[in-house]
Amino acid sequence: MYKKQMTIQKAVCLFVLCTSVIVFIYSLGIMTDLFDSLYYTITDAANRENTRRNSVAGAFLYYDMQDFNKQFLHLGIGLILMSLLLFITNTHVRRRYYIGNIIAVAANVIANIYVAIWAHTRIVAYRAEYLNVDFEALKTFSERRHTYYTDSTFWFDVHTFVFGLAILACILLVANMIWKFSLMKQEQHLVDAGKGVAA
């Protein structure tokens, strides 16, 4: 049973690392469509009112999201570093869990849930703002200037999948730890029983 559990344990830790990398890649990609379609419509980045009068209404969203995107990128890197803590503490291969392993699991669960909630609330708000863009004016602009046009909300919507994976990774980490402690308890009972017979 321990061999099977340790194989799954290693896979779960690798899954946590993979989901952290996916969150980081998503943080790099979330602005892709906004840059390609909105950036060139902004006539005066320093003057929102001037841009609103002379270009596409709502296009300033690209600049509004810059601080969020920078923070999101840093948090994505943070999640990768946090997932490496599982490997530094040998949580992926350790037969018995100690305080360091519990801390590593707890830190990853808390970090992933925090980032998921933090990003979700902001992405949903930015998505609503994006839907207020004047897409007719944007389409006219893109046809005239031969720039990229899209009214897709794909990069906003895909966050539910990305953070769904991150939350799943947390659930698997906790489930694995509970299973681990159950096996450790059973093993200790066998050791105690063996000592009792020997005495």
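Trainee: Which residues form a nonpolar patch on the surface?
Mentor: I113, I117, I167, L168, I171 and L172 form it, and together they have about 470 Å² of accessible area. Keep in mind that this is a predicted model.

Trainee: Which helices supply the patch with at least two residues each?
Mentor: Those are α6 and α9, the latter spanning residues 159–198. The largest share, 4 residues, comes from α9.

Trainee: Why is L168 called partly exposed?
Mentor: L168 is found in helix α9. Its relative accessibility is 37%, and partly exposed covers what lies between under 20% for buried and over 50% for exposed. L168 therefore counts as partly exposed. A patch residue needs over 30% relative accessible area, and the 37% of L168 can be set against that cut-off too.

Trainee: Let us turn to α7. Which of its residues are buried?
Mentor: In α7, residues 135–145, the buried ones are F135, L138, F141 and S142.

Trainee: How do you know that they line one face of the helix?
Mentor: Looking down the axis of α7, the buried residues fall within an arc of 115°, so they line one face. The background is that an α-helix has 3.6 residues a turn, so residues three or four places apart point the same way.

Trainee: What does the face turned away from the buried side carry?
Mentor: That face of α7 carries the exposed residues E136, E143 and R144.

Trainee: What do the buried residues of α7 pack against?
Mentor: They pack against α2 (32–38) and α6 (99–130).

Trainee: What makes D134 a cap for the N-terminal end of α7?
Mentor: A side-chain oxygen of D134 lies 3.3 Å from the backbone nitrogen of E136. The cut-off for a polar contact is within 3.5 Å, and D134 caps the helix through that pair of atoms.

Trainee: And what happens just after α7?
Mentor: There H146 takes a positive phi of about 60°, in a residue other than glycine. H146 lies in the loop between α7 and α8 (154–157).

Trainee: Why is H146 called exposed?
Mentor: Exposed means over 50% relative accessible area. H146 has 72% relative accessibility, so it counts as exposed.

Trainee: Where is N90, and what is its phi?
Mentor: N90 sits in the loop between α5 (66–88) and α6. Its phi is positive, about 60°, although N90 is not a glycine.

Trainee: Why is N90 called partly exposed?
Mentor: The 31% relative accessibility of N90 falls between the cut-offs of 20% and 50%. That is why N90 counts as partly exposed.

Trainee: H92 lies in the loop between α5 and α6. Is H92 buried or exposed?
Mentor: Buried means under 20%. H92 has 13% relative accessibility, so it counts as buried. Leaving aside residues up to four places away in sequence, H92 touches M6, Q9, K10, C13, L86 and F87.

Trainee: How do you know that M65 is buried?
Mentor: Its relative accessible area is 0%, and the cut-off is under 20%, so M65 is buried. M65 is placed in the loop between α4 (61–64) and α5.

Trainee: Which residues does M65 touch?
Mentor: Not counting residues up to four places away in sequence, M65 touches I30, M31, L34, Y126 and F156. A touch here needs heavy atoms within 4.5 Å. The C-alpha atoms of M65 and I123 are separated by 9.4 Å, and these two residues are 58 apart along the chain.

Trainee: How many helices and strands does the protein chain have?
Mentor: There are 9 helices and 0 strands. Buried residues make up 40% of the 199 residues in the chain. Among contacts between residues at least 6 apart in sequence, 78% join residues at least 24 apart.

Trainee: And how much accessible surface does the protein chain have?
Mentor: About 10900 Å², of which 65% belongs to carbon and sulfur atoms.

Definitions and conventions
Residues numbered from 1 in each chain as written. Predicted model: local features only at pLDDT ≥ 70, side-chain atom pairs only at ≥ 80, totals over all residues. Heavy atoms only, no water. Buried < 20%, exposed > 50% of the residue type's maximum accessible area, 1.4 Å probe, protein only. Arc of directions from axis to C-beta. Polar contact = N/O pair within 3.5 Å; in protein donor to acceptor, adjacent residues only side chain to side chain. Patch = residues over 30% accessible without salt bridge, like charges linked within 9 Å, V, L, I, M, F, W, Y side chains within 5 Å. Areas by Shrake-Rupley, 256 points an atom, 1.4 Å probe, with all protein chains shown as cover. Salt bridge = Lys/Arg side-chain N within 4 Å of Asp/Glu carboxyl O.
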